[in-house]
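Subject: Structure for your review

Dear colleague,

Please find below the structure that I am handing over to you. My findings follow directly after it.

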Amino acid sequence: MKEILDFLSDLHDNNNREWFEANRERYRRVLQKHNANVERLIELISEFDPSVEGATIASSTYRIYRDTRFSKDKTPYKDFFSAFIVRGGKRSGYGGYYLHISPKGHTWGEGSFLAAGNVCPEPEVLRSMREEIEDHAEEMVENIARSGFSLTTDNSLKRTPRGFSVAPEYEYLLRQRELCLSRPITLEWLLQPDWLEQTAELFSRCKPFLDQVNRAIEYAKFL
């Protein structure tokens with residue numbers, strides 16, 4: 001893992017095509033190591049969540065090249081490695097398990113972290129999630145608490161959306177535009193020899209929350 005972290009740190013400081021081309025072989029080596037880590041993480045997650053069985057590197061990882069067409073930031077490469085391990089692959093629309101490795105925290109300003117849930121849902125999916133909250137808000141709160149992760153609330157409405165009603169203590173759930181949990185991880189934590197096993201154990205605590213989220217998504221998909 002240290003080789004991966006060192007490469008990403010250097011890429012952050014030298015995010016240009018000339019440096020990348022001069023270090024392309026180094027990139028290939030660390031990418032191979034990252035892919036091996038993702039394959040192992042898929043195996044570990046499959047042990048407690050069989051829905052991700054069949055996930056592959058292609059269905060779970062992303063290209064390092066940035067799409068700069070509509071961004072003020074014209075740096076050509078992502079300075080992080082990530083993986084989204086989820087039923088049906090990263091474009092399925094289901095909630096899943098996300099790993100983000102970024103030593104200097106350039107992208108999103110968060111550094112390395114784990115996440116579990118669904119982001120940028122389609123309108124019909126978001127509506128189904130809110131209906132799930134109306135019917136089972138207490139269950140969702142309990143599932144979030146048991147996970148040991150925090151609900152991401154930076155993309156929330158200021159007011160409870162019309163047409164939905166829950167007890168006042170649960171209204172913050174209805175105001176979310178997405179349902180996702182996150183947990184920061186340190187570089188020291190990533191350097192532990194059993195960090196993959198520890199990651200899978202942390203993700204296993206999120207499964208009840210994900211089951212609830214995906215229940216709502218499944219309902220929306222078959223309306």
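In this predicted model, helix α5 covers residues 123–147. Although α5 has 25 residues, its end C-alpha atoms are only 26 Å apart, whereas a straight helix would reach 36 Å at 1.5 Å a residue. Where does α5 bend? The bend is at H136 and amounts to about 95°. The buried residues of α5 include V125, L126, M129, I133, A137, M140 and I144.

I then turned to the strands. Strand β5 (residues 179–184) pairs with strand β3 (residues 113–118) in the antiparallel sense, over six bridges. Within this pairing, N118 has L179 of β5 as its bridge partner. Strand β4 (residues 150–151) also pairs with β5 in the antiparallel sense, over two bridges. Here L151 stands opposite L181 of β5.

The last topic is the second largest pocket, which has a volume of about 240 Å³. Of the 16 residues that line this pocket, T61, Y62, R63, I64 and K78 are the closest to its centre. Which elements each supply at least two residues of the lining? They are α3 (24–48) and β1 (81–85), and α3 gives the most, with four residues. Sorted by class, the lining has eight nonpolar, four polar and four charged residues.

Yours sincerely,
A colleague

Conventions
Residues numbered from 1 in each chain as written. Predicted model: local features only at pLDDT ≥ 70, side-chain atom pairs only at ≥ 80, totals over all residues. Heavy atoms only, no water. 1 Å grid on protein atoms, 1.4 Å probe; cavity = no way out; pocket = protein on both sides within 12 Å on 5 of 7 lines; lining within 4 Å. Points joined across faces, edges and corners; volume = space filled by probe spheres on them. Nonpolar A, V, L, I, M, F, W, Y, C, P; charged D, E, K, R; others polar. Pairing = 2+ DSSP bridges. Expected span 1.5 Å × (residues − 1). Bend = angle between axes of the 7 residues up to and from the residue. Buried < 20%, exposed > 50% of the residue type's maximum accessible area, 1.4 Å probe, protein only.
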